[in-house]
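Welcome! Let us walk through this structure together, one part after another.

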Amino acid sequence: MSQYRACATGGTSGERAIIVYDQPAWEVAAASYIRFLRAAGVMAKTRFIGIGSPSPFHISNRMFTELREGRPATPRLSVTTPLPEIVATLNAFLPEALITYPSFIRRLVEEQAEGRLRIAPRLMGSVAETLQPDIRELVQLTWGIGVFNGFGTTETGTRGLECEHLTGIHLPEDLIVYEVVDEANRKVAPGATGSKILITSLTNKVLPLIRYELSDMVSLADGVCRCGRPYARIASIEGRREEVLELPARGGGHVKVHAGRLRSPLVRIPGIRQFQVAQHPFGLNIRISAREDAPRDEILASVRQEIRSALLQTGADVPDIRVQLVESIERVGTGAKEKLVTREA
């Protein structure tokens, strides 16, 4: 009797779907994860842990569960597990390699800086959310290591990952056809940011995907990586197309600004834990979750200053920037990701 695996996607992009795999396609997907983890240096005896979605229908949960099969002592954690429990578990397990969301890496850095978390990983990986240079810098300052960036989709189940040179994400082109295109589905040149990615699966016969549209805005690297692997590489990931804001421009009209341009200034402000951007009729509303001991007034002033400075560089003229302090910002979707842009102002 054939066995099938079902995964769900949706929440961050708004495009919800149920993806079904037959057994051969699922084995290929799992092998793809293992192959690219090995490229990062995660071997059979490496103390590895993945912290992903709490939902058994999300691809991060399913794949981390598969990887635990050969590592029975590996704890089961998710990004919604209470933080004190995660800290205690990691201190006991002492992982050599850890893969999780960039937003959660920030929380681990904070716990390590406060002395509650006491781990010394030699490998750190990022999945599910857009990895910014600021997160790489935080990890380098905290543990003295780099961050391997990954790119995967529930729709394909496969995983692309940076190699040891950290010069772009190698894509599994033997399993998936990737096309980085503009709004009219024309291929863009390496170095240029596309409006979307079209994917064609070569492995899943129960649910074939042909030029299926992903809203990820990426640019491809030019040339061959020093590692010698023949795969195409993603040079940078700007984020999702749904995260593009249309803002008033200086001199009239409008300018499109990806909300990711506002992420880095906010990451640099001490005391901020979470942030989210929403448009309202006259400008922007920035929702901020701060650490308990953070000076609220200073944070509010810094956020306004940094956001205005970042927008100035884009040519936008936003008359009304509101900053709202909230207790926390809920994770959304089956992936339990931090949503950068919300339409609720």
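His-170 stands opposite Arg-233 in strand 13. Here strands (E, at least two residues) and helices (H or I, at least four residues) are DSSP runs, numbered from the N terminus. The model is predicted: local features need pLDDT of at least 70, side-chain atom pairs count only at pLDDT 80 or more, and totals for chains, interfaces and linings use all residues. Residues are numbered from 1 along each chain as its sequence is written, and side-chain values use heavy atoms, leaving out hydrogens and water.

Two bridges join strand 8 (residues 169-170) to strand 13 (residues 233-240), and the two run antiparallel. Two strands count as paired if DSSP finds at least two bridges between them. Both belong to an open sheet of eight strands, in the order 3-4-5-6-7-8-13-12, with mixed pairing. Strand 3 (48-51) and strand 12 (216-220) stand at its edges with a single partner strand each, so one side of each has no neighbour in the sheet.

Next comes an open sheet of three strands, ordered 9-10-11 with antiparallel pairing. Within it, three bridges link strand 10 (residues 196-201) to strand 11, where Glu-213 is the bridge partner of Leu-198.

Finally, look at helix 6 (residues 260-267) and helix 7 (residues 296-314). Their axes come within 9 Å and cross at roughly 145°; axes are lines fitted to C-alpha atoms, for helices over the stretch in contact (heavy atoms within 4.5 Å), and angles run from 0 to 180 degrees between N-to-C directions. Among the residues that meet are Leu-262 and Pro-265 in helix 6, and Val-303 and Ile-307 in helix 7.
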